[in-house]
Amino acid sequence: MKTVLSRVAVAAALLSSLALPDPARAADITWPSHQWGEANNAPVMLELKRRFEQENPGNTVQNITVPQAVFFDKQFADIAAGNPADVATMYDPDIRAYIEADLLEPLDAYYAAAGIAIDTLIPTRTLAQKDGKIYGVPFQINARALFINERLLNEAGLQPPRTFDEFQAAVRKMRQPDKVQFGYATVSKPGNAAVFYIEIAPIVAGFGGGFFKDGKPNATAPETVAAMKFIKSLHDQELIPRGMEINAYRQLFIEGKVGMYATGAFFAASVANGNKDTFAHLNAIPLPLPRGKTTAITVFLGVPKAAKNKDLAARLLIRMLEDDIQTRIVTVGKTVPGRVGMIPESFVADNKWFKAFEQAALTATSYAPQGAEQYGAEIAKIVVEHIEGMLFSGLSADEAAQRLQKALDAFIASKRKT
Amino acid sequence: MRTVKRLTWEALFYAALLLLLASVVFPFFWMVKTSIETGHTLFSYPPHLLPATASMEGYRTVLEQTPVGLWLWNSFIVASVSTLLALIAGVSGAYGLSRFRYRGKRTLALVILTTQMMPPLVLIIPIYTIFIQLGLTDSLFGLILGNFAFSLPVVIWMMKSVFDSIPFEIEEAARIDGASWLCVLTRVTVPIALTGLIATGIFTFLAGWDEFMLARTIVTSTSKWVGTVGLASFIGAYVTPWDQILAAATIFTLPPVLLFLAVQKYFIAGLGAGGVKG
Amino acid sequence: MMAARPDVAALRDFGNRRESMTRWRFDWSTREKLVPFCFLAPSFAALAVVSLYPMAHALFISFHADGVGSVGRFVGLEQYERVLSSDYFPRVMRISVLWTVGNVMFVLAAGLATALMLDRNFPGRALARAMFILPWAMPYVAAGLIWGWMFDYEFGVLNYVIRSAGLGESKVGFLLACPDALISLTSVSVWKLFPLGTVMFLAGLQTIPSDHYEAARVDGAGPVLCLWYITLPGLRNVTIMLTLLITIWTFGRAFTIIFLLTEGGPAGCTETIVIRSYLEAFKFFHLGAASAIGVIVLLISLAFSIAYLAYAYRREVSGG
């Protein structure tokens, strides 16, 4: 019976795929996203969908789940083929690149219609702005703070580190090779340049450095080099799990084999789902690096210019900024929403680890290269190539920084030409 | 003396065979072993060479919470139909290229081959654009068509070389008896080339089974996901549940293996080789 | 009793005779010649839509500036200049060539060796044959995942085996240095691909008439001579076809294994031209440059194919 049904389904799919497009009727907003598959975000998005459909009868929101591994490539393919969905999901460098390529619809009118002042949004909203217009809605900001496993800290007789020296001591003390236990984990495997860059960004910012400053390459600045030296020392002294990709060492933390890990608030949900014991001992503190600065990824949602239901999609996105959804982003999504001041006190009281993220979100800067965000993907590749050279080919941090600076200079020069 | 020499050769032969078999099978064994255990045992060191627990948690989650059966069915339809079409069209094309004399035959063969030469990633966006215009997106039919077109050149080339290796005395004999080319092809040549045909068929099936790039680009509805896309969906944004993804990967590897088990007897010397060997 | 010295000249003749046998001595009528192509015509339509038109489109885009969602302005050969004079191009080409040569050599060698072994009759042969299909049957994503895990520096089983077997004290960073990473990746790729070689060689072995072997043995030829003068010439067509196809595939299409395990790292030392084309297209949004890379790959593969086929079939051509 099942086979017959599926064969009928295939035949129907076959026929429907060749069918003519539906005549105009109430709109069907297409929203493909990998976040429909994320345990913390999906319920929030589904609630938004439900309320929007209620308030706009006759219109539906199609929630299309796309595997995270393929989502961004598919989104790009859709846009490049002239067939974008109605909602685009973009991180910091992506939204800038899309804005520069004039692919997004300006949303100012919709903000005004809903009475939401743009300066009530989180500071990283500037990434979505150009020439006085705003082209996106910030869904959530995932600032980096330091998750700690209090059990491992207690076993080593440590207090949560508040200074850089305490942090280094903690990393060393919790490293136990025979138990394959680590004090800290960060990226140490050649692979996805974007992920690599995201993981080292908070460390570099924490030293007060940055690969770009005001649109100019900044690799040889003493702060940046200090950060690179620190990363190299972690790696060379085998203080971090080496050669593991990000999902693997995250899992390692969940399994209680890593003492500290810097990432965004969303990770708490993964810990809660993965290992009850680790979650019971989970806490978070600001990342204790010399300059105390941190970075964040902001997830933006926008409406492609060539989308079929621009008006409705824009209204859907603005709807997300209303109080009810904003609170849900905190309580259910367990992360910081796009409007400032939306975090309920009660939630922070119940989830002590969240405080560090609330604080971090207020001061975090975007992880994308400052002043050259739209080139983020290419810059990440160049930076990561040189960092990999430092870690895996035995270059010193100074040497790597010199070469990186040269490469970045050449890159920016080539951009100025075209 | 000769028997001793023969025995040492035999021993060496079996040793080499076992070594080769071990290196071939080990990753598969490791995949199955890790999929049987729980996700928590993944980070135990030293690693357990035999399954520490047989919890099968990954399998349970996959079978209960994901439409893995649907994915396999979709993969099967796409792979088998595209293979069938490619074999029918490809065999006739290969026969023409192998047996007949045309001017510009070499050029034609080369043009067919050039379709394999561009990195598919560069082509995927133009392909996607055309598929959108033809209304082939989000359909298994689109995938079948795409895989058929991807495999056809390979089938033509592989079968051409198989046909080229077959001395055509028998075909000549049949031809002299007055058979049409279609008759010669189906009654005489194909049975002789059966092994090559099956090998090509397996290749095409596996290519369709394993195809990822087209599938992930043109398919949106979860009801049309094929196995490769389903497998990729386990790689999460935050964590990858290893026991689940490896369980799904094991499930996804089994059908082609079973398929090969079914047809591998055709590779036995003498069987299906027709009247040429022995 | 010594066997008579094998008549090497006669054996060589066998090989030559087989080749000439593939040249027909009569022709089919013109009308009949068209029939297979009538059969093939609808397939050509599909090929045109899915392969030829997109290739032409890529060629078209390669002459324009990068534009997303719309074609940029016409810039002639500027994209090609950009690609050919870039920092990454020489490195990427060198790595692609190394990668391709390594793959082809080992796939052919392993495939042939395995086919010869599996052609003999021994107990459990059916099972052995079925087992050899496993790497091929495993989807690339699964193979990438499990090999990546086996290669892992901290927890991987390969490092564990090496240390337990006493073959080394420190752990090996399979994917963490060059040329280690390229060697590891080639191993995985060969592991995945050689069953195709095995299967095609097995098929090819079936077409060699057994009376050739009989005759050779009567002449006193041992296994090595039989291999050299009967088997290898008999497998000529299969070998040529496989070499050509595997070279073209590995050079211009191999992606998933490298992508999943190193994505071109460390420090770009496993970045083949295919990986670079992916980065240019999907990460940097440079569709024009990516298309130019695609065309360059096509031209190189085409040049190789023409040269290789000319060399491989030179005897047929000169033989008249």
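In this predicted model, the centres of domain 1 of chain A and domain 2 of chain A, taken over C-alpha atoms, are separated by 27 Å. The domain assignment of chain A places residues 28-141 + 297-362 in domain 1 and residues 143-296 + 366-417 in domain 2.

Across the boundary in chain A, 23 residues of domain 1 are in contact with 24 residues of domain 2. On the side of domain 1 of chain A that touches domain 2, the elements giving two or more residues are helix 4 (92-100), strand 13 (295-302) and helix 16 (354-363) of chain A. Of these, helix 16 of chain A gives the most, with 6 residues. By class, this side of domain 1 of chain A comprises 13 nonpolar, 5 polar and 5 charged residues.

Chain B is also assigned two domains, with domain 1 covering residues 1-55 and domain 2 covering residues 59-267. The C-alpha centres of domain 1 of chain B and domain 2 of chain B are 31 Å apart. Here, 8 residues of domain 1 of chain B are in contact with 7 residues of domain 2 of chain B. The side of domain 1 of chain B that touches domain 2 of chain B divides into 3 nonpolar, 4 polar and 1 charged residues.

| Domain pair | Distance between C-alpha centres |
|---|---|
| Domain 1 of chain A and domain 2 of chain A | 27 Å |
| Domain 1 of chain B and domain 2 of chain B | 31 Å |

How values were computed:
Residues numbered from 1 in each chain as written. Chains lettered and ligands numbered in written order. Predicted model: local features only at pLDDT ≥ 70, side-chain atom pairs only at ≥ 80, totals over all residues. Domains from an automatic or database assignment. Contact = placed C-beta atoms within 7 Å. Helix = DSSP H or I, 4+ residues; strand = E, 2+ residues; numbered from the N terminus. Nonpolar A, V, L, I, M, F, W, Y, C, P; charged D, E, K, R; others polar.
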